[in-house]
Amino acid sequence: MTPHVLTRSLDRSASIFILVVAGLGVLIPLSNLLLPAGSALQVPTYLVALFGKYACYAILALSIDLIWGYCGILSLGHGAFFALGGYAMGMYLMRQIGSRGVYGNPILPDFMVFLNYPKLPWYWHGFDMFWFAALMVIVVPGLLAFCFGWLAFRSRVTGVYLSIITQAMTYALLLAFFRNDFGFGGNNGLTDFKDILGFNVQADGTRAALFALSCLALILAFLICRAVVTSKLGKVLVAIRDAESRTRFLGYRVESYKLFVFTLSACMAGVAGALYVPQVGIINPSEFAPGNSIEAVIWVAVGGRGTLVGAALGAVVVNYAKTYFTSGPLAPYWLFMLGALFILVTLLLPKGIVGTFNAWRESQKETQVANAESAALEDGVGEPKPAE
Amino acid sequence: MSVMEGRTTSALLYLDGVHVSFDGFHAINNLSLTLEAGEMRAVIGPNGAGKTTMMDIITGKTKPDEGTVLFDGMTDLTRLDETHIAELGIGRKFQKPTVFESQTIEDNLLLALNVDHSVKGTLFWRGNRDESERIDRVLETIRLTDARNRLAGSLSHGQKQWLEIGMLLAQDPKLLLVDEPVAGMTDVETHQTAELLKAINKEKTVMVVEHDMTFVRELGVKVTCLHEGTVLAEGTIDQVSSNERVIEVYLGR
Ligand SMILES: Nc1ncnc2c1ncn2[C@@H]1O[C@H](COP(=O)(O)OP(=O)(O)O)[C@@H](O)[C@H]1O
Ligand SMILES: [Mg+2]
């Protein structure tokens, strides 16, 4: 029996990761819905939504690790793809409001009525259908990444220069989405959502389902990333990361590889954004802020670049810390703490949490093997030597 | 790919009147050189003579300002990029050994194999008998069979040189450009490398850049001496090393 392309070469940490995410994805919604509110084991709805947010961040982190950890492309603009996926979902949710808005216009969202739009802009058409919006969640970030990557990788823009232009890209989008005449609600973004596929977005059941879906998406994203990095293509990506020009001299078209993995990564970030929006209830231009993209890169660095599991773990750990600190008296210092965390990790744990753990396990194994060998050697020495 | 009308030369590699300057510094000056198919050529010359730059031009890394560079008598290499030139069958070993340090020796060779190098091909790649046999053979040739699962970064300098030669073999090109293969090798390893290159030359055309005169002598092939980006002398090792100009600029009196 040949293993399926998505499940072959799942090592132990990968299997554990999937089991944990799947377990949480089932148990947390069940606990939230079935146990009586207030019982010790019941996960309150606000936490379900919070964990759902973490799951989306974990998908974003995976998408960054795929390009940065394995191919050396440091994108400091991945928040843009996340936000674009979020906006695509937000547009669907806006159109679901229908005549229940403040102005009661059956077609135009409230902000358009307020801004005196005569009719729905052409690019809002189709977003009343879920399948179309879901398609756009993947197509729009993917298309932008493809065009951007085509220009950048063909001109061999690499390293810091590439990072800077990705920042410029997300900053340009931030400015554009801030404008009222851009057609996406300007400064306020899209909010006041009512329902998704006919279910009330605020309802406990919907939130639990969205959380479960986010976990499912996280597992799928992880499986796709694993399939990519364990294939021969994954070896080529690492080769490009470590010695790009050498890879060219072997006859690989480096720009095609980068374009493929960058586009795939952007699509995944888009899906993460789309799952994020109904759970937080709003999408606005601040999601394009360059700082967001940098934060996401820090998650990956903290968890361990080039390990996938580490990226997801880093996203959860750092965001948990953020939730914890920004809701206490230390809130104004969060950015300093994040910066300090980044510097500490870079200096003390350059491989991140999971990378350091893996290295430690390797060295454990090696000492075991070495001990076994030297024990065997001593046995040999202990035997009486034949007379010479 | 630009193909000229028919063959203009019988040579496998033909350079004529090539000029390259870096910010006004003329690294290659009116360089002309031909390599016949099946030939092995040793290229010597002082540091900075332009030997590596010549290989950069042939492999598409550096574009010449002027001059003709033809492969197989038909293909204008100056118009192609590195990937394309590698696909044509020109392989290169770098002066500073460049292997994929974080991958195993076996994976280094796997990456070098001249099989489908497209994104789709590598994404859906599955190993087959033929490929693993080829890798086994190369591993044996470069004496790294026992180390196949070790990371390339853990190899000694000399072993990395051999791994790079192994990658060239896996690539199976028509023309091999080998830049300073024995730097950092012991005398025994140097001798083995000469033997290996001679064996490779039975099937392939080879250009070797090297400073080690014992090694060049052992190869026993035609020698070209470069100086300031141009050919100073060409001929047997004895002819070249008795050439007065060569003694003056390179070998020392
Ligand atoms: N990319 C470059 N930019 C500027 N100068 C270069 C570049 N490549 C080579 N050179 C110069 O060209 C000359 C020839 O270099 P090189 O081909 O490496 O010599 P060799 O391999 O014969 O020792 C040297 O003076 C070197 O400094
Ligand atoms: Mg050189």
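Which residue lies over the face of Trp150(A)? Arg154(A) does, at 4.0 Å from the ring centre. The legends below walk through a few close-ups of this structure.

This is a predicted model, in which local features need pLDDT of at least 70 and side-chain atom pairs count only at pLDDT 80 or more, while totals for chains, interfaces and linings use all residues. Residues are numbered from 1 along each chain as its sequence is written, chains are lettered from A and ligands numbered from 1 in the order in which they are written, and side-chain values use heavy atoms, with hydrogens and water left out.

**View 1. Charges over rings.**
A charge sits over a ring if NZ of Lys or CZ of Arg is within 6 Å of the ring centre and within 35 degrees of the ring normal. Besides Arg154(A) over Trp150(A), have a look at Arg92(B): its charged end sits over the ring of Phe249(A), 5.3 Å from the centre.

**View 2. Two aromatic pairs in chain A.**
Rings of Phe, Tyr and Trp (for Trp, the six-membered ring) pair if their centres lie within 6.5 Å; planes under 30 degrees apart count as stacked, over 60 as edge-to-face and the rest as tilted. That rule gives 30 aromatic pairs over all chains. Tyr57(A) and Trp299(A) have ring centres 4.9 Å apart and planes at 50 degrees, so this pair is tilted. It ties together distant parts of the chain, with Tyr57(A) in helix H2 (residues 45–71) and Trp299(A) in helix H11 (residues 290–303) of chain A, 242 residues apart. Helices (H or I, at least four residues) and strands (E, at least two) are DSSP runs, numbered from the N terminus. Both Tyr57(A) and Trp299(A) are buried; buried means under 20% relative accessible area, exposed over 50%, and partly exposed in between (1.4 Å probe, protein chains only).

Tyr92(A) and Phe130(A) make an edge-to-face pair, 5.1 Å centre to centre with 75 degrees between the planes. Here helix H3 (residues 78–97) of chain A supplies Tyr92(A) and helix H5 (residues 130–154) of chain A supplies Phe130(A), 38 residues apart. Tyr92(A) is buried, at 2% relative accessible area, whereas Phe130(A) is partly exposed, at 29%.

**View 3. Trp124(A) and the nonpolar cores.**
A nonpolar core is a set of buried Ala, Val, Leu, Ile, Met, Phe, Trp, Tyr and Cys residues joined through side-chain atoms within 4.5 Å. The largest one has 162 residues, and Trp124(A), Leu190(A), Phe288(A) and Leu163(B) have the most contacts inside it. Its largest share, 16 residues, comes from H2(A). Contact means heavy atoms within 4.5 Å; leaving aside residues up to four places away in sequence, Trp124(A) touches several residues, including Met91(A), Pro109(A), Phe111(A), Phe184(A) and Leu190(A). Trp124(A) also belongs to a cluster linked by ring pairs, with Tyr87(A), Phe111(A) and Phe288(A) among the members. Another core, of 27 residues, lies apart from the largest one and includes Leu33(B), Val69(B), Ile90(B) and Leu177(B).

**View 4. The six-stranded sheet of chain B.**
This open sheet has the order S6-S7-S8-S3-S9-S10, with mixed pairing. From one strand to the next, the twist averages 20 degrees. Two strands pair if DSSP finds at least two bridges between them. S6(B) runs parallel to S7(B) (residues 175–179), and four bridges join them; Arg92(B) has Leu177(B) as its bridge partner in S7(B). Helix H6 (residues 157–171) of chain B packs on the sheet, touching S6 and S7, and its direction makes about 175 degrees with that of S6(B). Axes are lines fitted to C-alpha atoms, for helices over the stretch in contact, and angles run from 0 to 180 degrees between N-to-C directions.

Ile165(B) lies in helix H6 of chain B and counts as buried, at 1% relative accessibility. Its contacts, not counting residues up to four places away in sequence, are Lys93(B), Pro181(B), Thr193(B), Leu196(B) and Ile200(B). Val231(B) is 66 residues from Ile165(B) in sequence and 26 Å away in space, C-alpha to C-alpha. In S10(B), Val231(B) is the bridge partner of Leu226(B). S9(B) and S10(B) pair in the antiparallel sense over five bridges. Two residues lie between the strands of this hairpin, where Glu228(B) takes a positive phi near 45 degrees.
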